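Biologist: I want to learn how to read strands and rings in a model. Where do we start?

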Amino acid sequence: MAALGGDAAGKARGLPPVERWNPPFCGDLDMRIAADGTWFYLGTPIGRPALVKLFSSVLKREGDEHFLVTPVEKIRIKVDDAPLQAVEMQVDGHGPARVIALRTQVDDLLTVGPEHPLRFERAAQDGLKPYVHVRRGLWARLTRALSYDLLALGEVRQVEGHAMFGVAAAEQFYPAVPASEIEGLEAP
């Protein structure tokens, strides 16, 4: 596989310090991020990737809500699932030391590990949805194709006395489900 573009270390590339901005709430904006990662404004998909990238750079999560923030205003938007999508993956090595690098649709580059852990949620009809932490409490859901590729790297390990199916990367193990539940499990 070709290398992911740029530095896959997950370093912020000049992103605004939204975590330090606490402006007053200015209301809701008719902007929504669909479960497939498509951004909508007034019900219409935003077709300019550069605009989506700009909006994602000022996205902030507070509890279960998402806001676009500037130093002087904070506007709530709707997020159906995760605000970002992981769209490309590169795997180097094997076993617990393997390196898994991911790229989001807005070109966030990151490497799975303590700063960018994986988590898994159960999906409808016995599916499993993998996510990776991007920054500031924002998560990216892996696309369906990447979910299958990631789950193909899975293995069973003992975690606190229980056999768990999960994925190892960067000397970490990310448990997904009890091993007894993996039969017939699919990526959503």
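Modeller: Start with pairing. Two strands pair if DSSP finds at least two bridges between them. Keep in mind that this model is predicted.

Biologist: Which strands form an open sheet, and in what order?

Modeller: Three strands do, in the order S13-S14-S15, with antiparallel pairing. Strand S13 (155-159) and strand S15 (172-178) stand at the edges. Each has a single partner strand, so one side of each is left without a neighbour in the sheet. From one strand to the next, the twist averages 50 degrees.

Biologist: How many bridges join S13 to S14?

Modeller: Five bridges join S13 to strand S14 (residues 162-169), and the two run antiparallel.

Biologist: Now burial. What does a strand with two covered sides look like?

Modeller: The general idea comes first. In a regular strand the side chains alternate between the two faces of the sheet. Now take S12. Leu138, Ala140 and Leu142 lie on one side, Trp139 and Arg141 on the other, and all are buried. Five of the five residues of strand S12 (residues 138-142) are buried, so S12 is largely enclosed by the rest of the structure.

Biologist: Which strands pair with S12, and in which sense, parallel or antiparallel?

Modeller: Strand S7 (residues 84-92) pairs with S12 in the parallel sense, over three bridges. There, Gln85 has Arg141 as its bridge partner. Strand S11 (residues 127-135) pairs with S12 in the antiparallel sense, over four bridges. Here Tyr131 stands opposite Arg141. S11 and S12 also form a hairpin with two residues between them. In that turn, Arg136 has a positive phi of about 45 degrees.

Biologist: Which rings does Arg119 lie over?

Modeller: Arg119 lies over the face of Tyr131, at 4.2 Å from the ring centre. Arg119 also lies over the face of Trp139, at 4.5 Å from the ring centre.

Biologist: What about rings against rings?

Modeller: A pair of aromatic rings is described by the distance of the centres and the angle of the planes. The cut-off for a pair is centres within 6.5 Å. By this rule the count is two aromatic pairs. Phe25 and Phe67 are edge-to-face, at 6.1 Å centre to centre and 85 degrees between the planes. Phe25 lies in strand S1 (residues 25-33) and Phe67 in strand S5 (residues 65-69), so this pair ties together parts that are 42 residues apart in sequence. Phe25 is partly exposed at 42% relative accessible area, while Phe67 is buried at 3%.

Biologist: How are the rings of Trp39 and Phe55 arranged?

Modeller: Their centres are 6.4 Å apart and their planes at 10 degrees, so the pair of Trp39 and Phe55 is stacked. Trp39 lies in strand S2 (residues 39-41) and Phe55 in helix H1 (residues 49-57), so the pair ties together parts that are 16 residues apart in sequence. Trp39 is buried at 2% relative accessibility. Phe55 is partly exposed at 21%.

Biologist: Back to S5. Which strands pair with S5?

Modeller: Strand S4 (residues 59-62) is joined to S5 by four bridges, antiparallel. Glu62 stands opposite Glu65. That hairpin has two residues between its strands, and Gly63 in the turn has a positive phi of about 65 degrees. S5 also pairs with strand S6 (residues 74-79), antiparallel over four bridges. Phe67 stands opposite Arg76 there.

Conventions. Residues numbered from 1 in each chain as written. Predicted model: local features only at pLDDT ≥ 70, side-chain atom pairs only at ≥ 80, totals over all residues. Heavy atoms only, no water. Phe/Tyr/Trp six-rings, centres within 6.5 Å; stacked < 30°, edge-to-face > 60°. Buried < 20%, exposed > 50% of the residue type's maximum accessible area, 1.4 Å probe, protein only. Lys NZ or Arg CZ within 6 Å of the ring centre and 35° of its normal. Axes fitted to C-alpha atoms, helices over the stretch in contact; angles between N-to-C directions.
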